[in-house]
Amino acid sequence: MELCTRTFTSFLLFNPSFSPNSVFLRANPNATTPLKFNSLKLSSFSPHVHLFQPFLSPHISSPFTLSAAASASSSSVAVGTEQDRLPAELKVTETEEPKSRIPGFRPGKKVPENILISYVGSQNVQKATIESILRRTLSHAMTSVTGRALQDSVQIVTKFSEMEETYSSLGSLRYDVLVDIAPEIKWIPDNNAYKNLKIVVEIDSDIDAHRASEQEFRRRYKSIGALKVVIDRGLQVGDVAVLDISATTIDQDESNVKSIPSAESKGFNFDTEYGEQVLPGFLDSIIGIQRGESKSFPLVFPETWKQENLRGVHAQFTVECKELFYRDLPELNDSIADKLLPECTTVEQVKDLLLQKCLEVEQTAREQATDNAILDQISKIVEVDIPKSLFEEQGRQLYGANLLEIQAKMKLNEQQLATLSSSKAVNEFLEHQKENITNLIKQSLAVGDIYKRENLQFVTEDLVKEVENSIAEFKRQNQEYDEERVKGQVQEILEGAKVLEWLREHAEVQYVTK
């Protein structure tokens, strides 16, 4: 027998109590067009900057699994899967009958409708009817947001009990669907805001190729020398000292004096050639200290100190010199060239090769710093209302990447892994990283928008090559992979790199050494 002959159509309503990117869909009779979502390229990538794309559902036309009984709780529907969840919580009880027959009827004989309903139960038939209607109409109800609905954001908010009551009394069905849609970008002040950007890029002095190559040469030269114990004098610049360091705050009220754990160390190996890297005044205060001697002196942490909680703090340091060494270095000539760098025959050759390598590192660092500065600037000139589902999805992806990085660096036991994977840990991360996650999403959406506006393209051969390389790496690591997903991610990286290349070419970039 036919359980339902009604079809449905849909119209769109906006609920002001929800985000502008949350859409209510109400379904009512007559619909014919199936729904198919298109992929939306939102992501921006460069070899140095990782963004996270809000993935869109590819389709929502998969059938629901029907059941005989449903609860009256609010419903949630996952779309685009091989077997979608039912629009209600179900409790199914199976009773096996021989040869799948209803008692009293021969196999193949048509069962009268009233007897079938009586056997199954009219309430169960009605529930199955409503579920069938939902299965047939949801994709049509979603047609108006084709290509804009975010994955896993579709939710039937009408209670199943309300659907049953409406169907019983009116003979028709009405339900509300809440779905997050891909947010629209607004450029400030206008759509040309990303063109001709003026960017100031701060470059760390440590990456200056000439300075870095000189430091690396000095490090290699010192490494082939021998450390010898200082006997008859105190500490000089160039020595290496083993120090025990303690520090407390300075306060007239002794009850308020506290230790400063982050400034304390036991057995600290201090190479005095790097005195500029420690607290200003520290090296000068211990010059002349001898093995076994202690010195106490006050210092003030500068306002530019990296640890914000120590900026401007007056501290009293106590330093004990446990060991004191000087370096016995060989004569610097071509005879030690191969010890400084294998296969080199002269000191000048060593210096040239180190400079060449440092220039490559400097160029890479400049490009990375430029890309980061551009993306940071872009996030400041776009407005976008980010749906909660998109924020949580991208935040969880970022947290998952961080967790994998932690696992790669250190072996976590089951308890540690469970703690770090808990909902509490994830939610705390989402809260603490809210600004960072929001900026990443804004950058991703903005770069995707630029790619489309400027009609940019990448070389197809690059896509094929990178996909092959990625799959080969998955196989080498014996990891499972989805080829289509890999292809999509590689495509996003190539598109993002193309956008950043275009932005660098059209931006006015000023480099400042810090």
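Me: What should I know about the model before we start?
Reply: This is a predicted model, in which local features need pLDDT of at least 70 and side-chain atom pairs count only at pLDDT 80 or more, while totals for chains, interfaces and linings use all residues. Residues are numbered from 1 along each chain as its sequence is written, and side-chain values use heavy atoms, with hydrogens and water left out.

Me: How many helices and strands does the protein have, and what makes a stretch count as one?
Reply: There are 13 helices and 13 strands. Both are DSSP runs numbered from the N terminus: helices are H or I runs of at least four residues, and strands are E runs of at least two.

Me: Which residues of α13 are called buried, and what makes a residue buried?
Reply: Buried means under 20% relative accessible area, exposed means over 50%, and partly exposed is in between (1.4 Å probe, protein chains only). In α13 the buried residues are Val486, Val490, Gln491, Glu492, Leu494, Glu495, Gly496, Val499, Leu500, Trp502 and Leu503. Their cover includes α7 (347-380), α11 (434-453) and α12 (460-476). Across the 514 residues of the protein, 38% count as buried.

Me: Why are α11 and α13 called roughly perpendicular?
Reply: Axes are lines fitted to C-alpha atoms, for helices over the stretch in contact, and angles run from 0 to 180 degrees between N-to-C directions. Under 35 degrees is roughly parallel, over 145 roughly antiparallel, 65 to 115 roughly perpendicular, and the rest oblique. These two helices pack at about 80°, with their axes 9 Å apart, and are therefore roughly perpendicular to each other.

Me: Which residues of α11 and α13 meet, and what makes it a contact?
Reply: Contact means heavy atoms within 4.5 Å. Val447, Ile450 and Tyr451 in α11 meet Glu495, Gly496, Lys498, Val499 and Leu503 in α13. By class, this contact has five nonpolar, one polar and two charged residues. Here Ala, Val, Leu, Ile, Met, Phe, Trp, Tyr, Cys and Pro count as nonpolar, Asp, Glu, Lys and Arg as charged, and the others, Gly among them, as polar.

Me: Why do α8 and α11 get the label roughly perpendicular?
Reply: Helix α8 (residues 388-409) packs on α11 at an angle of about 105°, with the axes 10 Å apart. The pair is therefore roughly perpendicular. Leu390, Phe391, Gln394, Gly395 and Leu398 in α8 meet Lys434, Asn436, Ile437, Thr438, Leu440 and Ile441 in α11. That contact divides into six nonpolar, four polar and one charged residues.

Me: What makes Glu362 a buried residue, and what does its side chain reach?
Reply: Glu362 is found in helix α7. Its relative accessible area is 13%, so Glu362 is buried. The side chain reaches the backbone nitrogen of Ala209 at 3.1 Å. A polar contact is a pair of N or O atoms within 3.5 Å; within protein, one must be able to donate a hydrogen and the other to accept it, and residues adjacent in sequence count only if both atoms are side-chain atoms. Leaving aside residues up to four places away in sequence, Glu362 touches Ile207, Asp208 and Ala209.

Me: Why is Asp376 called partly exposed?
Reply: Asp376, also in helix α7, has 34% relative accessibility and so counts as partly exposed.

Me: How do you know that Asn196 and Asn455 are exposed, and where are they found?
Reply: Asn196 is found in the loop between β5 and β6, and at 58% relative accessibility it counts as exposed. Asn455 is found in the loop between α11 and α12, and Asn455 is exposed, with a relative accessible area of 65%. Phi is positive in each residue: near 55° for Asn196 and about 50° for Asn455.
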